[in-house]
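Here's a quick tour of the model on your screen.

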Amino acid sequence: MSKEVIVLPGDGIGPEVISAAARLLNYVGSFEINSLPIGGASIDKYDTPLTDETLQACRTSDAVLLGAVGGQKWETSDPEAPRPEQGLLNLRKGMELFANLRPVRPSPAAYEASPIRKELLEGVDLLVVRELTGGIYFGQKDRIRHTDKTKDTAQDTCEYSWQEIERIAHVAFRAAQQRKHKLTSVDKANVLETSRLWREVVTDVAKNYPDVELNLLLVDNAAMQIVSKPASFDVILTENMFGDILSDESAMLSGSLGMLPSASLGKEDSPGLFEPIHGSAPDIAGKGAANPLATFLSVALMLRYGLDSPSEAEAVETAVSKALDEGLRTKDLGGQATTIEATDKILSYL
Ligand code: NAD
């Protein structure tokens with residue numbers, strides 16, 4: 001029986017990169033691909049960014065591939081109105097995906113597309129492991145409204161439990177064991193209580209991994225070092241919001257958000273969610289200018305971690321590197337290739 005992949009195109013450039021990815025998937029294997037709406041597309045159809053049916057289909061599939069969600073059309077000041085991003089947060093929570101892995105390995109062929117100097121990029125090969133279902137994005141939110149809105153106040157609560165930190169720390173240490181045996185845990189322990197707990201747990205978990213060197217770094221310092229000496233990092237482990245920010249910063253080492261894949265994993269044997277880290281890019285949606293490479297590299301992660309097809313994963317990654325080496329450049333990388341031309345090129349190398 002062929003494995004089932006649910007594709008969730010979403011909004012903006014999401015449908016463009018997912019349709020390119022479906023071509024790629026059909027090319028490398030025989031998968032049952034079913035497409036369902038999420039985000040704004042789901043709000044338009046069902047008045048909710050994620051239906052129970054879509055969540056259930058994702059939970060029982062073999063793997064899920066997502067494009068991106070969001071756009072101005074659904075932005076509103078009404079706190080009760082459904083929001084596209086809520087669909088993604090609910091999907092991650094509903095699939096119990098607590099670990100987000102974002103590898104960053106700039107291709108030498110695309111060094112010139114990065115704002116960082118070439119000599120700093122040599123040897124960069126890092127992995128951001130971000131906690132995905134806890135912290136401030138999921139804590140209690142409040143808005144106290146007044147007739148005079150200049151008196152309004154708002155609050156978001158950041159909460160972490162020992163167990164939530166412990167399970168993500170194990171994922172990161174195990175990843176470091178497969179790589180260069182270095183782990184940098186990033187927090188703000190000089191100010192935040194959740195960060196002090198984070199440090200305590202990570203230091204405790206480290207005792208199980210004597211072959212991994214642990215460094216503890218404050219987030220402001222980490223933000224500086226990611227651009228000043230990026231090659232010094234191996235695995236970066238951090239909480240939800242810091243991981244969101246640092247992984248976008250790390251993305252710029254690769255020259256464009258259009259180059260970075262991600263995998264979100266939960267318990268063993270449950271399906272993972274694979275997605276490019278970029279958003280719906282409304283500024284270029286519908287223009288055929290979306291770089292599909294981050295989605296192709298997400299397909300490679302899906303083939304490896306979700307569909308038990310490591311040789312197909314490697315073939316996709318090799319085709320992407322080869323195409324970049326031979327000059328494939330979409331607009332975000334300073335070239336002219338369209339989404340379809342880039343896809344044709346990658347398929348021609350497979
Ligand atoms: P964005 O990632 O959509 O775009 C940032 C910049 O990068 C834009 O100039 C865009 O054109 C460019 N870019 C992004 N992906 C690209 C690609 N594949 N090829 C070429 N260029 C690319 O971030 P944003 O503008 O801050 O957000 C736009 C919308 O996306 C918002 O509604 C936001 O909430 C949403 N968003 C969704 C996700 C997600 O679905 N995972 C992630 C981030 C933002």
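## Two domains

The C-alpha centres of domain 1 and domain 2 sit 24 Å apart. In the protein chain, domain 1 covers 1–100 + 260–350 and domain 2 covers 115–253, with bounds taken from an automatic or database domain assignment. Across the two, 12 residues of domain 1 are in contact with 15 residues of domain 2 (contact means heavy atoms within 4.5 Å).

Before going further: this is a predicted model, where local features need pLDDT of at least 70, side-chain atom pairs count only at pLDDT 80 or more, and totals for chains, interfaces and linings use all residues. Residues are numbered from 1 along each chain as its sequence is written, and side-chain values use heavy atoms, with hydrogens and water left out.

## Around the ligand

What comes nearest to the ligand? Of the 20 residues around the ligand, it's Val-69, Glu-85, Gly-279, Ala-281 and Asn-291 (a residue is near if one of its heavy atoms lies within 4 Å).

Now for the polar atoms. The side chain of Glu-85 has an N or O atom 2.6 Å from an oxygen atom of the ligand. A polar backbone atom of Asn-291 is 2.9 Å from a ligand nitrogen atom, and a polar side-chain atom of His-278 lies 3.3 Å from a nitrogen atom of the ligand. Polar contacts here are pairs of N or O atoms within 3.5 Å.

## Cysteines

The structure holds zero disulfides, meaning pairs of cysteine sulfur atoms within 2.5 Å. Cys-58 counts as buried because its relative accessibility is 0%, whereas Cys-158, at 26%, counts as partly exposed. Buried means under 20% relative accessible area, exposed over 50%, and partly exposed in between (1.4 Å probe, protein chains only).

Terms used
A polar contact is a pair of N or O atoms within 3.5 Å; within protein, one must be able to donate a hydrogen and the other to accept it, and residues adjacent in sequence count only if both atoms are side-chain atoms.
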